[in-house]
Amino acid sequence: MLSRDGRIGVTPTGGVGTRRRSNQCFACFQYPDSGFVEVPIDVIDGYDYALSADGSRSVFTCRFAQVSNVDNIAWVFNAQGELVFKRQMPRRPLSGPSRPAISSDGKLLALDLSPDRSSPDAQGLILVMSGSDGQMLHSIDSRVAGSISFSPEGDYLCCSGRDGARVFSTDDLSELFRLGPETPGFHGRIEFRHMSCNEKAGLVAIQTVDRSTQPHLWQIRLILKAFGESMVFDKTGLPSLSPEGQFLLVQHYSLSSGTNWDEPSALPLCIHYISGGE
């Protein structure tokens, strides 16, 4: 994963590999001058990670804490690969952090703590904290969050999952926009997956899957909030809106038949030009 200016790249290495062999995890940082920093992470497990657009902060969270019975810890580093802080996360009934998100300037960090799937009524939790010292700022209850992301300018937090999709202001975490099964145009057993928003341009892009059809219908919807209209793309992928809202980027992925989760693969990146809602 690269910063916007390409001056830092981060990735985890080690962890749970093939045949469930566990290896030491490392947070790795690489720079254009061939500089390389490798920092061991105490827990032996797999990690998800995120990097701020300006490269000032990166975060690593344990992917399999609920399976491996290990500590749920979020590790936050600066651009030099130095540990800024680590934060212990709650244990069950929350199964652990997944797919962390970080604002473009690294000042805000969001972690999705999924509910214990053995309890159908369990509630998940989204934690929003300071990227400088880990201070807890806000929390959001969510049945199944599924996906969290910040808007390109960092002013908005997008949360989506089986129970709907919401956009919050990062100033006070007030809810600005909501989508759900009751929203006109959404019907069937709709699940809300990956989401991106650009409040400045009045756009929301979201991937949905309709479980009432066979095979399941995967779509990406570009919603023009000012007009309550949407454009629909029948494709599977991770949507992302550009900072000025002129482009919709879709990183396509395939659905693995050998597993019961979505497994990204190296498929094309499509770019759609948005002009006047067309």
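Colleague: Which residues form one aromatic cluster?

Modeller: Phe29, Tyr49, Phe60 and Phe77 form one aromatic cluster. Please keep in mind that this is a predicted model, in which local features need pLDDT of at least 70 and side-chain atom pairs count only at pLDDT 80 or more, whereas totals for chains, interfaces and linings use all residues. Residues are numbered from 1 along each chain as its sequence is written, and side-chain values use heavy atoms, with hydrogens and water left out.

Colleague: What makes Tyr49 and Phe60 a pair that is stacked?

Modeller: A pair of aromatic rings is described by the distance of the centres and the angle of the planes. Rings of Phe, Tyr and Trp (its six-membered ring) pair if their centres lie within 6.5 Å, and planes under 30 degrees apart count as stacked, over 60 as edge-to-face and the rest as tilted. For Tyr49 and Phe60 the values are 5.8 Å centre to centre and 15 degrees between the planes, and the pair is therefore stacked. This pair links distant parts of the chain, with Tyr49 in strand S4 and Phe60 in strand S5, 11 residues apart; strands (E, at least two residues) and helices (H or I, at least four) are DSSP runs, numbered from the N terminus. The structure holds four aromatic pairs.

Colleague: Why is Phe60 called buried, and why does Tyr49 count as partly exposed?

Modeller: Buried means under 20% relative accessible area, exposed over 50%, and partly exposed in between, with a 1.4 Å probe and protein chains only. Phe60 has 0% relative accessibility, so it counts as buried, while Tyr49, at 24%, therefore counts as partly exposed.

Colleague: Which residues have the most contacts inside the largest nonpolar core?

Modeller: A nonpolar core is a set of buried Ala, Val, Leu, Ile, Met, Phe, Trp, Tyr and Cys residues joined through side-chain atoms within 4.5 Å. The largest one has 15 residues, and those with the most contacts inside it are Phe29, Ile41, Tyr47, Phe60, Trp75 and Phe77. Strands S2 (22-30), S3 (36-41), S4 (47-51), S5 (57-62) and S6 (73-78) each supply at least two residues of this core. A second, separate core of 14 residues includes Ala165, Val167, Phe177 and Phe186. Around Phe77, leaving aside its neighbours within four places in sequence, the residues in contact (heavy atoms within 4.5 Å) include Ala27, Phe29, Val39, Phe60 and Leu83.

Colleague: How do you know that S6 and S7 pair?

Modeller: Two strands pair if DSSP finds at least two bridges between them. S6 and S7 have five bridges, in the antiparallel sense, and therefore meet that cut-off. In S7, the bridge partner of Trp75 is Lys86. Both strands belong to an open sheet of four strands in the order S4-S5-S6-S7, with antiparallel pairing, where the edge strands are S4 and S7 (83-88), each pairing on one side only.

Colleague: Why is Cys28 in no disulfide?

Modeller: A disulfide is a pair of cysteine sulfur atoms within 2.5 Å. The nearest cysteine sulfur to that of Cys28 belongs to Cys25 and is 9.7 Å away, so Cys28 is in no disulfide. The structure holds zero disulfides. At 4% relative accessibility, Cys28 counts as buried.

Colleague: What makes strand S16 mostly covered?

Modeller: Nine of the nine residues in S16 (residues 190-198) are buried. Cys197 is buried, with a relative accessible area of 1%. S16 pairs with strand S17 (residues 203-210) in the antiparallel sense over seven bridges, and the bridge partner of Glu191 in S17 is Val209.

Colleague: How many residues separate Phe150 and Cys197 in sequence?

Modeller: Phe150 and Cys197 are 47 residues apart in sequence and 7.9 Å apart in space, C-alpha to C-alpha. Phe150 lies in strand S12 (residues 147-150) and is buried, with a relative accessible area of 12%. Not counting residues up to four places away in sequence, Phe150 touches several others, among them Ala101, Leu108, Tyr156 and Thr170.
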